[in-house]
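Welcome to a short tour of a structure you can turn around on your screen as you read.

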Amino acid sequence: MNDDQKIITALKADASQVQLPADLLARIHREAAPPAPPSLWSRLRIGPKAELVAACLLLIALIGIGALRNLGPDRAPAGGGQGTETPGTAAQSTPGQIAPGTGAPQCCPAEGHLTAAEVMARFTAARLDPRISGDLGTKLFGATQVNTIAVDGENIVVYTFADGAGAEQAHRTMSDPQAHTVGWVGIPRFFRMGNLVVQIDFSNRTVAEKLQAALFTGQPRPDPKADSGDLQWVPTVEQVRSAYIPGQPKMPDWRLTPEAIGKILAMLQTAQLISGDETVPPPPAGPVGRQPLILTLELISGDRITIRLAGDCETTSRADGSQVTTCKTAEDQVLVAVHGRMMRYRAPELAQWLMNGWPSDVHR
Amino acid sequence: MSEVAAAVRRLQAGDQSAFNILYSAYAEIALRTAFLITRDRAAAEDAVQEAFVQVIRNVSSLRDPGSFRPWFYRIIVNAARRLSRNRHPSLPLDLAQHDQPDLSGLSPEERAIGSEEIQSLRVALAQLNEAHREVIVLRYYAGLSEDEIAGTLGLPNGTVKSRLSRAKESLLHRLGATQARSSGRPVAPMDCSQEQKG
């Protein structure tokens, strides 16, 4: 027996340890039709206070639209199909349809007719540079058309149905509660939007949240500064117990002076939330000698905010098939972690401070 | 047109029953291929599950039904890689103390190699790096041609050929080392840097 045969034999023997589970086929079918979230808002993780604010804003908008229609010199006839569509008025005209020229589409219409191109427009509105496929020709779940939208490195599948009832029926088929566990991270994947079912599969929760927000609002993920959680995102000086940069091992931390804390907070106030991954750059050279340099703000509430330089990584393939990833510091950008979320900001002053400015603002 | 290609066409046309043909044809070998790559049963099962779900969802994007096999293996390998990395796979250092292979399915000649040599080979296979293990498994277990492996892994043919050669060399070297250790013979050192490149 030659070497090749020996290898084949060993592989066969090794592989013989595993047998097909009896339920694998059923699991596959369940996984191919996973469930929808019980509550869209809860899945979007907006939080009860933000939901209340959103509801109030919606109410105010409805009242405002009604007032404008009644007061305007060329007001539309009652129940007219022109003008801005909102979820609350959807049933009166063309339900759920996005009226042309109304800017960002409204969130999650329950009924009405949408197209994959309109879904894509939401990603465009959120500056995510989507690419849409033609009809893939697959009539899964009875869809009349299936498109994919490549956005931010992920693929979103849009199933178009003849009507809302068809979408609803397919959505129920997809919503098998047994198929929500294996291989994923608990993120909802199938959303019904009028006559569409939109499938969004992600392995990364951060990306999922960002794209879901864009999908349903046509806007980037809400600025966390506006998040009315327990903590105002950028605290006041009085709310900060201490701020420090870790020192070398077995050495005290570098502590910021109160003036420096105020300066940092002012820089945070002007920081601009941007898209991008949470890549940390390679350690830059610095006098501390223990990098990457992370500034930690400890709040009286017990919360912590950490700030560090952001990085960009690029993976390239060599001729021999191996891959090399190179990272570099992203210019003028920082990563801020708060409440378990890490976000990327454009903050030139803060980035410069982390690079060079901090030594003059700290003491042992 | 092969039965598999015909099934792919039917599935693309919306005939869901054709999926069972593909499942019957590929599920078991896919599971075992994934297991050989990941060394983790649960990861292998998840990889197969994920791969078939991808087949259901994305088969329409496959232009040539005849190229289903490398396309499917590409999905399997990618899923296996990812799941394996996510799960921090447990890689038994001493396989002899773990799962005993079932030799009943082997031919008399294959069984004649002796369980000791098979065990040594299994240990050597488990010690290969991921890239080398993938090409070995795809070539010698899944039975893919070098062209198909190139398509599956997205590598140039020359790279596949050289990687296979180095993987096999590394495997046989490790096999020799394993057997030498068990027999108390000295082992010549190997240039590990060369293996890492492949």
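## Strand pairing and a hairpin in chain A

A word on terms to begin with: two strands pair if DSSP finds at least two bridges between them. With that in hand, turn to chain A of this predicted model. Strand E10 (residues 304-317) and strand E11 (residues 323-338) of chain A run antiparallel and are joined by 12 bridges. One bridge to look up is that of A:Cys313, whose partner in E11(A) is A:Cys327.

Between the strands of this hairpin, E10(A) and E11(A), there are 5 residues. A:Gly321 takes a positive phi near 95° in the hairpin.

## The five-stranded sheet of chain A

Chain A also has an open sheet of 5 strands, with antiparallel pairing. Reading across, the order is E1-E2-E3-E5-E4. Which strands lie at the edges? They are strand E1 (131-132) and strand E4 (190-193) of chain A, each of which pairs on one side only.

Within the sheet, strand E2 (residues 145-151) and strand E3 (residues 154-160) of chain A make an antiparallel pair with 7 bridges. Here A:Ala150 has A:Asn155 of E3(A) as its bridge partner. Helix H5 (residues 116-125) of chain A packs on the sheet, where it touches E1, E2, E3, E4 and strand E5 (196-200) of chain A. The direction of H5(A) makes about 15° with that of E2(A).

## Where helix H1 of chain A meets chain B

Two packed helices are described by the angle between their axes and the distance between the axes. Let us apply that to helix H1 (residues 3-15) of chain A and helix H2 (residues 18-38) of chain B: their axes come within 9 Å and cross at roughly 100°. Angles of 65 to 115 degrees count as roughly perpendicular, so H1(A) is roughly perpendicular to H2(B). On the H1(A) side, the contact is made by A:Leu11, A:Asp14 and A:Ala15, and on the H2(B) side by B:Arg32, B:Phe35 and B:Leu36. These residues divide into 4 nonpolar, no polar and 2 charged.

H1(A) also meets helix H7 of chain B, with axes that come within 9 Å and cross at roughly 100°. The two helices, H1(A) and H7(B), are therefore roughly perpendicular to each other. H1(A) brings A:Asp4, A:Ile7, A:Ile8, A:Leu11, A:Lys12 and A:Ala15 to this contact, while H7(B) brings B:Ile136, B:Val137, B:Tyr140 and B:Tyr141.

## An aromatic pair in chain B

Over all chains, a search of the whole structure finds 11 aromatic pairs. Among them is the pair of B:Tyr26 and B:Phe68, whose ring centres are 5.4 Å apart and whose planes stand at 55°, so the pair is tilted. B:Tyr26 lies in helix H2 of chain B and B:Phe68 in helix H4 (residues 68-87) of chain B, so the pair ties together parts that are 42 residues apart in sequence.

For the complex, the predictor gives an ipTM of 0.78 and a pTM of 0.41. Chain A has a mean pLDDT of 68, with 62% of its residues reaching 70 or more. Its residues 36-41 have pLDDT below 50, and this stretch has 14 contacts in the model beyond near neighbours in sequence. Residues 177-187 of chain A also stay under 50, and the model has 30 contacts for them beyond four places in sequence.

Chain B averages a pLDDT of 76, and 72% of the residues score at least 70. Among the elements of chain B, helix H7 (residues 130-141) has the highest mean pLDDT (90) and helix H10 (residues 192-197) the lowest (40). The pLDDT is below 50 over residues 185-198 of chain B, a stretch with 24 contacts in the model beyond near neighbours in sequence.

Definitions and conventions
Residues numbered from 1 in each chain as written. Chains lettered and ligands numbered in written order. Predicted model: local features only at pLDDT ≥ 70, side-chain atom pairs only at ≥ 80, totals over all residues. Heavy atoms only, no water. Axes fitted to C-alpha atoms, helices over the stretch in contact; angles between N-to-C directions. Helix = DSSP H or I, 4+ residues; strand = E, 2+ residues; numbered from the N terminus. Parallel < 35°, antiparallel > 145°, perpendicular 65-115°, else oblique. Contact = heavy atoms within 4.5 Å. Nonpolar A, V, L, I, M, F, W, Y, C, P; charged D, E, K, R; others polar. pLDDT = per-residue confidence, 0-100. Phe/Tyr/Trp six-rings, centres within 6.5 Å; stacked < 30°, edge-to-face > 60°.
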